[in-house]
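This briefing concerns strand pairing and helix packing in a predicted model. Please consult the sequence and structure shown below.

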Amino acid sequence: MKKLSFLVVAASALTACAAIEIVSPKMGTTVEQLRPVQRDFILQSKESRDKYFDGAENAAALRKDGTTPQPIVLEWRGDKADYTVTLKRLPDGKTFFTASVPSNRVEVDSLEIARDWEWTVSGGGETATGRFRTEDLWPRLIRIDGTINARDIGGMIGLNGRRVKQGLVFRTAGLNHNAPIEYYSNEEIMQLYKDGKLMEMGEAGKHLAKKLKKGGRLHSRAKSNGLVKRKCYAPGKVRLSEAERVRVLKDYGFKSDVDLRRDDECFGMTGSPLGPEVKWWQFHDAEGKSGYSAYAGAFSERGTNLNQQVFRIFMDPKNYPIVFHCIGGADRTGTVGLILEALLGVSEDMMWKDYLTTGFVGVVSDPPHKRNITGTFEALGKTPGATWAEKAERYFLDLGFTAKEIADLREFLLEK
């Protein structure tokens with residue numbers, strides 16, 4: 001009897017050992033996806049946000065993490081060598097993550113905000129399930145290794161309290177570098193100066209020659225001297241690795257790459273850096289000049305011509321999910337984002353918040369940028385309408401879109 005009792009106890013101990021126990025997130029908790037400094041910035045009042053970047057310490061802290069989202073750690077206890085982890089969105093059960101994991105923890109990121117999630121971990125015939133909710137705090141920052149300033153404009157609150165759908169419209173910095181330009185080195189510039197040829201090298205050459213004659217010094221970086229040796233001689237290098245490109249397409253499903261850059265920036269490009277699966281769009285005005293007009297320029301005659309082309313892409317549901325960008329994702333990208341957000345009924349405070357979020361990776365709060373974005377609001381504000389949504393609707397009608405097209409776009413991009 002004693003031996004039998006020992007065997008039963010031992011078997012029970014083994015069974016307990018084999019069970020999987022969820023550690024975190026605790027069942028039913030709400031998890032944060034913004035890093036503390038990002039979250040602190042977003043929760044500031046508009047007046048405080050405008051001044052936030054003026055403090056060197058604040059700016060440095062934000063730019064340290066940039067627009068990289070805070071990962072969510074899924075952790076459990078168990079004694080198996082390998083586990084399978086699956087994460088699904090509720091209530092539709094769409095799978096956002098699944099992987100085999102040789103440890104007792106895994107990190108996930110870039111999840112939709114204000115959503116309920118269920119995750120399961122299984123191994124050795126055992127399964128455990130956890131549930132959590134992502135915090136209702138925009139922005140939904142997304143991770144794209146190789147580029148920066150990436151986020152989903154979905155998650156914002158628009159017309160009649162309806163949330164902008166997530167997973168349809170993304171803004172980023174460039175997916176590849178601008179076309180490279182070769183500059184004269186300092187040694188070459190000095191030789192041209194000694195040979196008396198620098199004055200013949202255009203305005204940049206004349207400027208450098210006068211500077212050297214006065215005893216001035218050249219910049220240590222060749223680019224900063226501005227004397228071009230060979231302009232736009234190859235397409236810009238893709239910023240994403242092949243493995244990351246495949247992952248991004250799988251996770252976000254981009255179908256359209258809306259590129260707001262000029263021909264010289266896109267020199268040699270024939271398609272999207274994301275691959276042939278993604279339609280690449282570039283734009284030229286009525287005179288054939290390339291590149292989007294940012295800020296108040298978007299409301300000029302040229303800007304109107306370009307906006308007719310850009311927003312025609314957004315009108316067609318077959319083009320989604322869309323990623324739009326320039327090179328830094330600040331000025332041209334910020335202008336398109338503001339106009340679209342206004343049409344969807346997003347508040348002025350939220351539009352400012354989106355623009356200033358680029359400050360996580362670069363300067364958008366200095367006086368010139370503040371003047372530019374303020375000028376954009378002023379230009380749109382001159383359009384008839386009592387609200388930003390009404391003004392944007394009037395602007396889209398002036399662009400040549402019909403009331404039905406506008407209503408259909410809003411219905412497509414806003415949750416029920």
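**Strand pairing**
- Asp-257 of strand β14 (residues 256-259) has Val-323 as its bridge partner in β16.
- Four bridges join β14 to β16 (residues 322-325), and these strands run parallel; two strands pair if DSSP finds at least two bridges between them.
- β14 is also joined to β15 (residues 279-281), by three bridges and in parallel.
- Strands (E, at least two residues) and helices (H or I, at least four) are DSSP runs, numbered from the N terminus.

**Burial of β14**
- Both faces of β14 are covered, with Ser-256 and Val-258 buried on one side and Asp-257 and Asp-259 buried on the other.
- Buried means under 20% relative accessible area (1.4 Å probe, protein chains only).

**Helix packing**
- Helices α10 (residues 331-343) and α11 (residues 348-357) pack at an angle of about 160°, their axes 10 Å apart.
- Axes are lines fitted to C-alpha atoms over the stretch in contact, and angles run from 0 to 180 degrees between N-to-C directions.
- The two helices, α10 and α11, are therefore roughly antiparallel (angles over 145 degrees).
- The contact (heavy atoms within 4.5 Å) involves Asp-331, Leu-338, Glu-341 and Ala-342 of α10, and Met-351, Asp-354 and Tyr-355 of α11.
- Four of these contact residues are nonpolar, three are charged and none is polar; Ala, Leu, Met and Tyr are among those that count as nonpolar, and Asp and Glu among the charged.

**Basis of the values**
- Residues are numbered from 1 along each chain as its sequence is written, and side-chain values use heavy atoms, without hydrogens and water.
- In this predicted model, local features need pLDDT of at least 70 and side-chain atom pairs count only at pLDDT 80 or more, whereas totals for chains, interfaces and linings use all residues.

Terms used: Angles under 35 degrees count as roughly parallel, over 145 as roughly antiparallel, 65 to 115 as roughly perpendicular and the rest as oblique. Buried means under 20% relative accessible area, exposed over 50%, partly exposed in between (1.4 Å probe, protein chains only).
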